[in-house]
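This report walks through one model, taking its packing, its strand pairing and its metal site in turn. Please keep the sequence and the coordinates open beside the text.

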Amino acid sequence: MSALKLTVELVPRTSWYSNMRSAVSKDDWDKIRKQTYAAFGHRCGICQTSGMIHCHEIWHYDDENYVQTLEGFIALCEWCHHVKHIGLAGILADEGKLDYEKVVEHFMQVNVCDRLTFEKHVALALRRYRKRSMYQWKVELGIYKDMAKGR
Ligand SMILES: [Zn+2]
């Protein structure tokens, strides 16, 4: 499963608002965003698409101690970003704001896999998400801690 290039990463419900973006000022977030885009050559860090890109926070989850640590940032294209937050993509699709099929197709194309692989991966990610959402996580910003403190 972990051999997939593009994966779903669901943030536990209990941590939805403990992200770097809301821990720093808008100026600092813009700085992080721009540095990330430059570091990835203004391309998606997963599928290499250029154009409209987003800055995505990479978190590591310690499932034994319930500690989540910010590991860094990655530039993502719109479609890879939708895959990462597949729950939100589903909500947007329900509201008629997003073509969910395009998200599925992007996943299959980037990972060179079939639909069953996608369905299984999402089911696994949802199971993990539900389990993680039962706990309150301690959030560690790692090397970005000082930046957040400066606010
Ligand atoms: Zn991409």
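Which residues does Val8 touch, not counting residues up to four places away in sequence? Val8 touches Val83, Lys84, Ile86, His121, Val122 and Ala125, where contact means heavy atoms within 4.5 Å. This is a predicted model, in which local features need pLDDT of at least 70 and side-chain atom pairs count only at pLDDT 80 or more, while totals for chains, interfaces and linings use all residues. Residues are numbered from 1 along each chain as its sequence is written, and side-chain values use heavy atoms, with hydrogens and water left out.

**Cores**

Val8 is also one of the members of the largest nonpolar core, which has 25 residues and in which Val8, Cys44, Ile46, Cys80 and Ile86 touch the most other members. A nonpolar core is here a set of buried Ala, Val, Leu, Ile, Met, Phe, Trp, Tyr and Cys residues joined through side-chain atoms within 4.5 Å; buried means under 20% relative accessible area, exposed over 50%, and partly exposed in between, with a 1.4 Å probe and protein chains only. Two or more residues of this core come from each of strand 2 (67–77), helix 3 (78–84), helix 4 (86–94), helix 5 (100–111) and helix 6 (115–132), the elements being DSSP runs numbered from the N terminus (helices H or I, at least four residues; strands E, at least two). A second, separate core of 16 residues includes Val24, Ile32, Cys55 and Leu141.

**Strand pairing**

Strand 2 is mostly covered, with nine of its 11 residues buried.

| Pair | Direction | Bridges |
|---|---|---|
| strand 1 (residues 53–62) and strand 2 | antiparallel | 10 bridges |
| strand 2 and strand 3 (residues 138–140) | parallel | three bridges |

The bridge partner of Ile53 is Cys77 in strand 2, and that of Thr69 is Glu140 in strand 3.

**Zinc site**

Cys77 also belongs to the zinc site, where the protein donors are the SG atoms of Cys44, Cys47, Cys77 and Cys80, lying 2.3 Å from the ion; donors are N, O and S atoms within 2.8 Å of the metal (3.2 Å for Na, K and Ca), and water is not among the atoms, so sites may look incomplete. The four donor atoms subtend angles of 104 to 118°, which makes the arrangement tetrahedral, a label that requires all angles to lie between 85 and 135 degrees. Cys44 lies in the loop between helix 2 (26–39) and strand 1 whereas Cys77 lies in strand 2, so the pair ties together parts that are 33 residues apart in sequence. Cys44 is buried, with a relative accessible area of 1%, and Cys77 is buried at 4%.

How values were computed: Pairing = 2+ DSSP bridges. Tetrahedral: all angles 85-135°; square planar, octahedral: opposite > 155°, others 65-115°.
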